[in-house]
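Dear colleague,

Please open the model first and keep it in view while you read.

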Amino acid sequence: MSYFDEEQIHREIIMDHVKNPRNIKKSNDDYKSTYLKNPSCGDELTLYVLYDEENDIVKDITYKVSGCSICCSSVSMMSELLIGKNKNQIKAIIDNFNNMVTGSDYNQELLGDAISLKGIVIVPPRIKCATLGYKAFVEVMSDKCE
Amino acid sequence: MNKYRKDFPMLDKDYIYFNNASTSLTPTVVIDSMVDYYTNFGVNINRGVDSLGYKVTEKYELVRSKVAAFIGCAKGEVIFTRGTTDSLNLVAQSFGNLVINDCDEIVVSVVEHHANFIPWQELCNKVGASLVVVPVSDDGIVKPDDLLKVMNNKTRIVALNHVSNVMGGINNIRELAKIVHQFNAYFVVDGAQGIVQEKINVHDLDVDFYAFSGHKMYGPMGVGVLFGKQELLKKMPPIVFGGEMIDTVSIEKTTYKEAPYKFEAGTMMIPEVLGLGVAIDYINNIGIEKINNYVTELRSYLVSKLLEEINDIEIYNKNIVDSNLVTFNIKNIHAHDVASLLDKEKIIVRAGHHCAEPYMTALNVVATVRVSLAFYNTFEECDKLVEVLKKAGDYIDVLF
Ligand SMILES: Cc1ncc(COP(=O)(O)O)c(C=O)c1O
């Protein structure tokens, strides 16, 4: 695949998530949630996670987000990636995503659509946009462990 | 005005700098004056009896006189601070504490920068006073009639911007001051943006306090000014204590110097103060009116070109004429995506809430893009901006 084909595909993936965000639905009291904000730009996210502790599986994720295309698409991609996974699988995904955006080695097999955001590595000021969702997820789950 | 571009070393780095309301660029003469201090003086002011120290003290005090002449007040009414934020906090903590009681009201506008909002909010919370928010026009201007509506005999302080950093419109300070004083309240003006926008005379305008920063007027960062009327400064207690602001110190009791010295505790930012003096000379040499006539013309060129050529643009302050900034959004595109794309083309703008979150909420947006111009910007640079926006597709080019 040439660079330009890949670029075109990645653009389409991102814009598809911006225009058709996945997993937007109503949550209920079984979901744990957290609110995060990037104070400098005003990206805002409330993330709701339904985690089945007994079976160690993330059963569902939904969210309310307002922000730039990178922030919004990234949360949408993340929700697709993490639903149905257990804690260890999720840790691997988040580590790989963080490695991708900060320029370390990563395994793209694990990242699904989120691979389309790999260009973030050349725009460090936007890393915080791409990682807001993952940060929120870690925060929700850390509450779980307490 | 292009001939002045060579004065600014940052301008030959192939960026287009459109973020002047955040901080302006610094001309070589200002940078040199600070280097000169460290190279040829390097000592503290007001201390001891050495001749170098004496010379620096003279230079430092000369800047105080320059500032006084620049804004039309007495030398003793000029306090050097770290910047607008520091100046406004000083007024709120010292003067505010002195005059505000629990039943009193403090008026601010919804478009204030956080620096002229939070210090008053904190003061109100501390003493149990009320913070009253005066609405602004669609252009972000505080209309005298609207101010009149919120004033009453409980109002003790009114704190407003001279020029909003989001909308760029100029408030009619003279008219507003009349209303404030009619109710025997005090008028604190945030001049961070206004100081470069209009030639001012604080006594003519009849403001009680006026705050501004060096770094928005081609001067250094880390220095600013608080003007306060002499009789008010006299009553105000210092809020920072230490060296050089004292008269006598004993174990039982300390007395303080007169204003403004009692407010300048410890070692001051001497090179930055000297740099500020040079920045004032620099502005005076070109002429503040000439600067602003050019910037206004450049801005109206940019506004009409944007409206003509960019689909789906919403310019929030298009009706303002006397302004140096354009605040806008492109429909359905987040401000950060726009700014990031411009950044890729080496065009530097500001995107975000501009430290004015209450107003962003009032505008019902989370963020806007702001292009703010200075006299060294050119028509060609404006063309380039429009061209880049015109070509933009999905605004995620930065990733590729
Ligand atoms: C209107 C206004 N007030 C206050 C400030 C704060 O100035 P400084 O950061 O120099 O203290 C700014 C700077 O952005 C401003 O635009």
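What follows is an account of the ligand and its surroundings, and then of the pockets.

Please bear in mind throughout that this is a predicted model, and that the values below were computed from its atoms.

I would begin with the ligand, which is surrounded by residues of chain B: Thr84(B), Thr85(B), His113(B), Ala115(B), Asn165(B), Asp190(B), Ala192(B), Gln193(B), Ser213(B), His215(B) and Lys216(B). Sorted by class, this shell consists of 7 polar, 2 nonpolar and 2 charged residues. Several of these residues bring a polar side-chain atom to the ligand: that of Asp190(B) lies 2.5 Å from a nitrogen atom of the ligand, while that of Gln193(B) is 2.7 Å from an oxygen atom, and His113(B) places one 3.3 Å from an oxygen atom. On its own the ligand has 390 Å² of accessible area, and the protein covers 84% of that area.

Which pocket does the ligand take up? The space that the ligand takes is the second largest pocket, and about 380 Å³ of space lies in this pocket. Its lining is made up of 26 residues, of which Thr85(B), His113(B), Ser213(B), His215(B) and Lys216(B) are the closest to the centre. Helix 3 of chain B, which spans residues 84–99, gives the largest share of this lining, with 3 residues. By class, the lining of the second largest pocket has 13 polar, 7 charged and 6 nonpolar residues.

The largest pocket deserves a separate look, and about 510 Å³ of space lies in it. Among the 24 residues that line the largest pocket, those closest to its centre are Gly67(A) from chain A and Lys331(B), Asn332(B), Ile333(B) and His334(B) from chain B. Which elements supply at least two residues each to the lining of the largest pocket? In chain A they are helix 1 (3–19), strand 3 (57–66) and helix 2 (69–82), and in chain B they are strand 12 (325–330) and helix 11 (335–344). The largest share, 3 residues, comes from helix 1 of chain A. By class, the lining of the largest pocket has 13 nonpolar, 6 polar and 5 charged residues, whereas in the lining of the second largest pocket 13 residues are polar and 6 are nonpolar.

With kind regards

Notes
Residues numbered from 1 in each chain as written. Chains lettered and ligands numbered in written order. Predicted model: local features only at pLDDT ≥ 70, side-chain atom pairs only at ≥ 80, totals over all residues. Heavy atoms only, no water. Near = heavy atom within 4 Å. Polar contact = N/O pair within 3.5 Å; in protein donor to acceptor, adjacent residues only side chain to side chain. Areas by Shrake-Rupley, 256 points an atom, 1.4 Å probe, with all protein chains shown as cover. 1 Å grid on protein atoms, 1.4 Å probe; cavity = no way out; pocket = protein on both sides within 12 Å on 5 of 7 lines; lining within 4 Å. Sits in = over half its atoms within 2 Å of the grid points. Nonpolar A, V, L, I, M, F, W, Y, C, P; charged D, E, K, R; others polar. Points joined across faces, edges and corners; volume = space filled by probe spheres on them. Helix = DSSP H or I, 4+ residues; strand = E, 2+ residues; numbered from the N terminus.
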